[in-house]
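Please view the sequence and the model side by side while reading.

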Amino acid sequence: MNNTQKFFSILAVFIYSAITIIPIVFAIDRLILVSGFNPILWIQSLDQNYVSQNSITFTFVQAFFSTILTVLIGFPVAWVLGRYSWPFKAFLRSILTLPFVIPAIIAAMGFLTITGPYGLDVRTDESTWWWTLIFSHAWFNIALIIRFCEPVLSTLNPNFEEQLLLLPNGITFFSRLKNLWIPILTPSIAAASCMTFVFSFTSFALVKWITVRDKTLESTMAEVSSSAGIQGYMESSSDIVLGASFIQFLVLLASLWLMSFLQQRRQTKWQQASELFVQNKNAKGWFVLVPAIFFVQLPIISVILGSFRVRDVSENSISFKWSTEGWYEAFQGSYSFPPLSEALFNSLIYSFGTLIIALPLGYILASTIHQLEENNSNLSRILEIYTMLPFALSAAMIGLGVMLGIIKLNPSAAYDFRFLPVLAHVIITVPFVVRIILPALRSFDLSYDENAKVLGMSNFSRFFKIKLPLMKGSILVATVFTLAMSLGEFGASFIVARNSEWITLPLLIDSLRGKPMKDPLTVPSSNAVATVLMLITMILFLIVEKFRNTKDRGMF
Amino acid sequence: MNFPHFSKLMVACLILFPSFTGCISEDKSDNELVILTYDVNALSDSMISKFENSTGLEVKMIKVEDSGSILSYLIQNKGVGNVDLAIGLDNTYLPTAIELDLLEEVSIVQDSISGRNSSSQMPALGPYDGNLATPFDMGFICLNYDSSIVDGLNFTIPTSLWNLTEPEWKGKVALPSPITSSPGRGFMLATLDYFDWQNNDDDFSNWWTAMKDNDAIITSGWSEAYETHYTGGYGEYTEGYIGDAHITVSYCHSPGVESWYNGNWTKSASLDIDKTAFFQVEYASAIKGGNSENAEKFIEYLISSEVNSQMPVENLMYSVLEGQNLPEENGYRFNSIIPSNPAVISNVDIGKNMEIWLEEWNEAMIKSE
C-alpha cells in the first residue's frame, strides 16, 4: 500500500468513524448522564415500566415463531424453485423474493387492508393480531430462505441422490431427506433463519401498525424516544431506551457471530452441476408456486387497489366507491402533510445524498480491507468487523443515536440540518456496500491489472477500462441497493425526521395513516403514497436482478 | 491493486457533500412563523392561508404526535430558538412547561375569553390565567359508553369507578395511557381527585391495579382507544377497527360530535359520575428564543371571534370565547353534557406532583392484586 492509498484509507476510516461511531457514543453518553451506568438496572427498567412491560418476552417469542413460519412457508418454495425447471424462472424468482425489498410499512398497509373489516374481517381479537404479525414477518422474510437455499438445491450434482437411491439409507424420500438434504441444507436454512430472526426481532413498522397492545423492544424504544435523554423529565424513557438497546445489541451481535460461523460452513464445497442438468419438469410444483405467488402478491395488490377504494358513509350505512380522490389528496397535501411530490423529492435527495457518501466510503473501506488481506494483516479482520458494527444496531438505535448525538454536538443542527436523515441512512447502508463490493474485489483477477500496467496504461485508464467494466455489476448492485434501502428506510427516519418538515415517503405514509380515521381519504391517500414508493422500489429491484451475478444469488 | 484516482473522486464526493448540504439548509427569517403543534384540526389550510395573506408572514409547521411530544420537543430544544409558537399544550403539560421556563410572555388582551369577567360552567381561564399561555379550545374529558350495548340489560350502566373492575367489564374498557396521551393524563388526574374526594387516596393505586387485572385495554393514544377499540363511535367504519370495548375515555361532547356527523343520531353517551371528568384547556404559547411578535399575531388571530367561534365545527372542541356554545344542529349540543361535579386539581399541584403521580400510576399498573 503506497502513501496515497494509506492516506485515503485512513481518511475513509476516519470519516466512517466520525459519521457512524461518534454520534452513537455521544447518544449513549447523554442517556447514561440521565440514567447512570448500570446495564442490569436498564434491563430491569423494561419490566418496571408499564409502557415497556413484557416487551422482552414478546420480542423473543414473536421472532421465534416468525422464523419457524418463514422456514415452513419458504422452504417448499425454495425446493420447488430449485429442484425443478420452470418457464420464466428468473421472473418467478424475482416475484417471490420481491417482499424483502418492499418497505415494511407498505407490507403493514397491505396486511391491514387484507385483515381489516372490509377485507377478511378477522382482525377481531388478540390472536388474530398475533398471527397477522407472524404471517407478515414470514411474507417479508420468505425471500431469505429462497435466496439461501435455492442456489444449493439447484446446483447440487444429482449423482449424489442417484447414488443414495441405491443404498438402504436412501430408498425412501424421508431417508434421503435425513441423510442427504438435511446435512447439506442445514447451514443455509440456519443462516437464513438467523437473519429472519434478526429482522423479526428488530421489526418496527409491522409491529407499530399490526399489533395493537404488544410491542417489540424496537417499537417501545421508538415510542418513548421523544422524551429520552432529558434530565429531570420522564427519566424512565432513558432507562427504557438503554435497556432495549443493550438487549438488542447483544442479540444482534450474537446473531452476527452465528451468521459468520454458518456462512463459513456454507462455503463447504459440494460437487456442483449445471441447473439444466439438475432440474427437470414437475407440474405438481405449481401447487406450491401458485399459492406462494398469491401469498406474496396479495398485500401488494391490496395496497394498489386500496388507493382507489374510498369509503362512503351515508345514513349509517357504508359502501365503497372507486375513485382517485385518495391520489388527489396525496398529491395535494395540506399544512399538516406535505404533498406526495415533496416527500418524493425529499426521499430522492436523501437517497442520492446517501449514495454519494455511502458508495465511495464503502468502496474505499472494502478496498482497504482487501489490501490489508493481501498483506495478511490482522488489521483486515479488525477493520472488517468494525465496518460490520452497524449491523448490530437496529434502525431505531441508529436514529436515536444520530438524533441525541447531534443534539449533544449542536442542538440547533438537529432541527435545522435537513440532511440529518442522510447521516442515519449512511450508517445503515455502508456495511451493505462493503459486503457487496468486498467479494467482488476478492474475486477480481489481478493479472488483468498487472498486464495492463506492463503495457503502460495509467492508473486512471486501468481503473476505467479494466476494473470498472469487470466490477460494474457489483457497483451497480451496491448503488441500487443503497438507493432502495434509503428510500424505504423507516425506523431511523421516524426518530430523526418525523418532527421535521423534511418528511420522506415512508414517513408520509405513516403520518397519513395516523390521521383520524373518520376522514374517508385517510386509507386511500396513504395507500397512494405507498403505491408510488412500492413502484420505485420494484423498478430498482428489477435493475438489481438484471445485473446480479449468478454466483451472488445467496447475497443481498 | 491501485485505486488512487477513483478514491480521489470518491473522497471529493465525500468532502463536497457536506458543503452542498450546507448550501441548501435554510435559515429562519423574520418573515416566518414556525408553529410546533400536533394534528390540531383547527389549523386548516384555509385558516392558515388567510392569516398568511393578512399578515404577510409565512407559516411553517413542525408536527409532533401529541401534547406530550410538544413538551418533550420544547425541552430538547430549549434555547435553540427554532420554534416561535406552540399550539396544543394542555393544562396537564402546561405547568411543567412553565416550571422549566420554556414559554415567553405575550401581551394578549384576554377579555373576550370565558372565566375572567363572569362565572361560567367552563371557565377557559380557570386552570391558568396569565400571559405565558392563551387558551384556544377546551372540553371535559370523561368516560363515554356505547348506549346500544350498555343499556341496563346487557350491561349495567356504571355508577362508580369500582363497577368497572367487576367481571362484567373484563376486557371491555379502553383507557389511553397517561404516560403517552393527554386525554389519558387528564383522566388519570380525575381518578386522583375521585378517590381523594372519597377520602381514600390508596384507592387510586388499588383501582388502577384492579383495572389492569380486569384486562382494561391500555392504549398509547386516544385514537387507538376510540377508533380501534370503542364500539360506540365512528371507529366501526374504519379499517383498523377491532371493537372490543364498550367504555372508553373521550370528551363529554364526543357523543355530540358523533350526532352532528350522523344527522342527529348517536349510540355513544357520556357517563356523568361525580369527580370523573377533567376540564381540559388547550393553549397557544410563544416560545422563549423564538419570534414572540409573530407568535402574538397568530394567537390574536386564533382567539379572534372569526376563528375561535368555529372551534366546535373545525376542531370539534368548545370555543374559549365568552358566550359561545356548541351548535344546536343535528343534536350536537343536546348530546354533549357538562358534568355536574367534575374533578378539580390545581395547576400548581399538577406542576409539582405530575411526575410523582405518573410514577404511582406506573407502580399500580406493574403490580398484580
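Is the crossing of H1(A) and H15(A) left-handed or right-handed? The crossing of H1(A) and H15(A) is left-handed, a crossing being left-handed if the near helix is turned anticlockwise from the far one by less than a right angle, and right-handed if clockwise. The model is predicted: local features need pLDDT of at least 70 and side-chain atom pairs count only at pLDDT 80 or more, while totals for chains, interfaces and linings use all residues. Residues are numbered from 1 along each chain as its sequence is written, and chains are lettered from A and ligands numbered from 1 in the order in which they are written.

**Chain A as a whole**

- Chain A contains 24 helices and two strands; helices (H or I, at least four residues) and strands (E, at least two) are DSSP runs, numbered from the N terminus.
- Along the principal axes, the C-alpha atoms of chain A fill a box of roughly 70 × 60 × 45 Å.
- Of the 556 residues in chain A, 52% are buried; a residue is buried if 20 or more other C-beta atoms lie within 10 Å of its own, exposed if 12 or fewer, and partly exposed in between, with C-beta atoms placed from the backbone.
- Among contacts in chain A with a separation of 6 or more, 80% join residues 24 or more positions apart; two residues are in contact if their C-beta atoms, placed from the backbone, lie within 7 Å.

**Helix H1 against helix H15 in chain A**

- Helix H1 (residues 3-35) of chain A packs against helix H15 (residues 340-374) of chain A at an angle of about 125 degrees, with the axes 9 Å apart; axes are lines fitted to C-alpha atoms, for helices over the stretch in contact, and angles run from 0 to 180 degrees between N-to-C directions.
- That angle makes H1(A) oblique to H15(A), since angles under 35 degrees count as roughly parallel, over 145 as roughly antiparallel, 65 to 115 as roughly perpendicular and the rest as oblique.
- On the H1(A) side, Gln5(A), Phe8(A), Ser9(A), Ala12(A), Ile15(A) and Tyr16(A) meet Leu361(A), Ile364(A), Leu365(A), Thr368(A) and Gln371(A) of H15(A).
- The residues of this contact of H1(A) with H15(A) comprise seven nonpolar, four polar and no charged; Ala, Val, Leu, Ile, Met, Phe, Trp, Tyr, Cys and Pro count as nonpolar, Asp, Glu, Lys and Arg as charged, and the others, Gly among them, as polar.

**Helix H19 and its partners in chain A**

- The axes of H1(A) and H19(A) come within 9 Å and cross at roughly 115 degrees, and the two helices are therefore roughly perpendicular to each other.
- H1(A) passes H19(A) in a left-handed crossing.
- Tyr16(A), Ile19(A) and Thr20(A) of H1(A) make this contact with Leu423(A), Val426(A), Ile427(A) and Val430(A) of H19(A).
- Helix H17 (residues 395-409) of chain A and helix H19 (residues 420-442) of chain A cross at roughly 135 degrees, and their axes come within 10 Å.
- H17(A) is accordingly oblique to H19(A), and the crossing is right-handed.
- Ala395(A), Ile398(A), Gly399(A), Val402(A) and Ile406(A) of H17(A) form the contact with Leu420(A), Leu423(A), Ala424(A), Ile427(A) and Ile428(A) of H19(A).
- The contact of H17(A) with H19(A) involves nine nonpolar residues, one polar and no charged.

**Chain B**

- Chain B has twelve helices and eleven strands, and 53% of its 369 residues count as buried.
- Asp101(B) lies in the loop between helix H4 (94-99) and strand E4 (103-104) of chain B; its phi is near 60 degrees, a positive value in a residue other than glycine.
- Asp101(B) counts as exposed because it has 10 C-beta neighbours inside 10 Å.
- Asp215(B), in the loop between helix H6 (202-213) and strand E7 (217-219) of chain B, also has a positive phi of about 60 degrees although it is not a glycine.
- Asp215(B) is partly exposed, with 13 other C-beta atoms within 10 Å.
- Glu236(B) belongs to the loop between helix H7 (222-229) and strand E8 (247-251) of chain B and is partly exposed, with 16 C-beta neighbours inside 10 Å.
- Leaving aside residues up to four places away in sequence, Glu236(B) touches Thr231(B), Tyr241(B) and Gly243(B).
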